[in-house]
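Visitor: I would like to learn how to read a structure like this one. Please take me through it feature by feature.

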Amino acid sequence: MSPEEQNVVRRCRAVLLDFDGPVCSAFAGYPAPHVARDMLARSREAGMAISAEAGTETDPMEVLRYLFEVAPARQPESERMLREAEVLSVKEAAPTPGAVDFMEACKETGRPLVVVSNNSPEAVAAFLEKHGLAKLVGGVFGRSRVSPELMKPHPHLLELALKELPASADDCLMVGDSVTDIEVAKAVGVPVVGYANRPGKAELFRSLGSDAVTEDMGELAREVRAAGPLG
């Protein structure tokens, strides 16, 4: 990270952390394309007509959005399918290298940390409890059961989180690994670090205006500790 990027991390007074990617691979135990396929198959079995384009979707979140658009009355069942798949999957997920160190660094230096995720809060909570990490997290702001249209990049989840944090938006830090994380952080005025966990992401995140980019969650832990405790 450049000195300017290091300063983005060091000056933060609270952290909004994405879950799938920066904390763990949420679909480690039940791969996302398989979840998407199974959600579509079960919806067809229930009598839904699935378009040819939607039938090739491999992102479960996009499948959930689609099912809500074409069959809003079935949202409780669509949400349940995805939620159960996520909870099952995170049982097999391991923490992202450096993630626990980063979370501990925030705790040690007095920086409140919350998880803001398009995954279900139940899946996030199940993972945190299994790995003894719940004590490092001040809150979980996950996907609404009834309104999938409020998932990131909609600002709803970040706005909820910001109301609970003792810092203004520009004194917080968002850490995420997706385009939607960069977009929503920029939209609400929160400085953002793009976690580039795949080739090509660093360049993409910078082109989108990410304030900093890292390929190592441990690097963020080192920068937080270098900043020292909040005064």
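Visitor: Where is the place of glutamate 223?

Guide: Some ground rules come before that. This is a predicted model, in which local features need pLDDT of at least 70, side-chain atom pairs count only at pLDDT 80 or more, and totals for chains, interfaces and linings use all residues. Residues are numbered from 1 along each chain as its sequence is written, and side-chain values use heavy atoms, with hydrogens and water left out. Helices (H or I, at least four residues) and strands (E, at least two) are DSSP runs, numbered from the N terminus. Glutamate 223 has its place in helix H10, residues 217–227.

Visitor: Is glutamate 223 buried or exposed?

Guide: Start with the cut-offs. Buried means under 20% relative accessible area, exposed over 50%, and partly exposed in between, with a 1.4 Å probe and protein chains only. Glutamate 223 has a relative accessible area of 7%, so it is buried.

Visitor: Which residues does glutamate 223 touch, not counting residues up to four places away in sequence?

Guide: Contact means heavy atoms within 4.5 Å. On that basis glutamate 223 touches Met1, Gln6, Val9 and Arg10.

Visitor: How do H5 and H10 pack, and at what angle?

Guide: Axes are lines fitted to C-alpha atoms, for helices over the stretch in contact, and angles run from 0 to 180 degrees between N-to-C directions. Helix H5 (residues 99–108) packs on H10 at about 15 degrees, and their axes are 7 Å apart. Now name the angle. Under 35 degrees counts as roughly parallel, over 145 as roughly antiparallel, 65 to 115 as roughly perpendicular, and the rest as oblique. H5 is therefore roughly parallel to H10.

Visitor: Which residues make that contact of H5 and H10?

Guide: H5 brings Ala99, Asp101, Phe102, Glu104, Ala105, Cys106 and Glu108. H10 brings Met217, Leu220, Ala221, Val224 and Arg225. For classes, Ala, Val, Leu, Ile, Met, Phe, Trp, Tyr, Cys and Pro count as nonpolar, Asp, Glu, Lys and Arg as charged, and the others, Gly among them, as polar. The contact of H5 with H10 has 8 nonpolar, no polar and 4 charged residues.

Visitor: Is the crossing of H5 and H10 left-handed or right-handed?

Guide: A crossing is left-handed if the near helix is turned anticlockwise from the far one by less than a right angle, and right-handed if clockwise. H5 and H10 cross in the left-handed sense.

Visitor: How do H2 and H4 cross?

Guide: Their axes come within 10 Å, and the crossing is at roughly 150 degrees. H2 and H4 are therefore roughly antiparallel. Their crossing is right-handed. From H2, Val35, Met39, Arg42 and Ser43 meet Glu77, Ser78, Arg80, Met81, Leu82 and Ala85 of H4. By class that contact has 5 nonpolar, 2 polar and 3 charged residues.

Visitor: What is the arrangement of H2 and H3?

Guide: H2 packs on helix H3 (residues 60–70) at about 25 degrees, with the axes 8 Å apart. H2 and H3 are therefore roughly parallel. Ala32, Val35, Ala36, Met39, Leu40 and Ser43 of H2 meet Pro60, Val63, Leu64 and Leu67 of H3. The contact of H2 with H3 divides into 9 nonpolar, 1 polar and no charged residues.

Visitor: How many aromatic pairs does a search of the whole structure find?

Guide: A pair of aromatic rings is described by the distance of the centres and the angle of the planes. Rings of Phe, Tyr and Trp (its six-membered ring) pair if their centres lie within 6.5 Å; planes under 30 degrees apart count as stacked, over 60 as edge-to-face and the rest as tilted. The search finds 1 aromatic pair. The rings of phenylalanine 19 and phenylalanine 127 have centres 5.7 Å apart and planes at 75 degrees, so the pair is edge-to-face. Phenylalanine 19 lies in the loop between strand S1 (14–17) and helix H2 (32–45), and phenylalanine 127 in helix H6 (residues 121–130), so the pair ties together parts 108 residues apart in sequence. Phenylalanine 19 is buried at 0% relative accessible area. Phenylalanine 127 is buried, with 0% relative accessibility.
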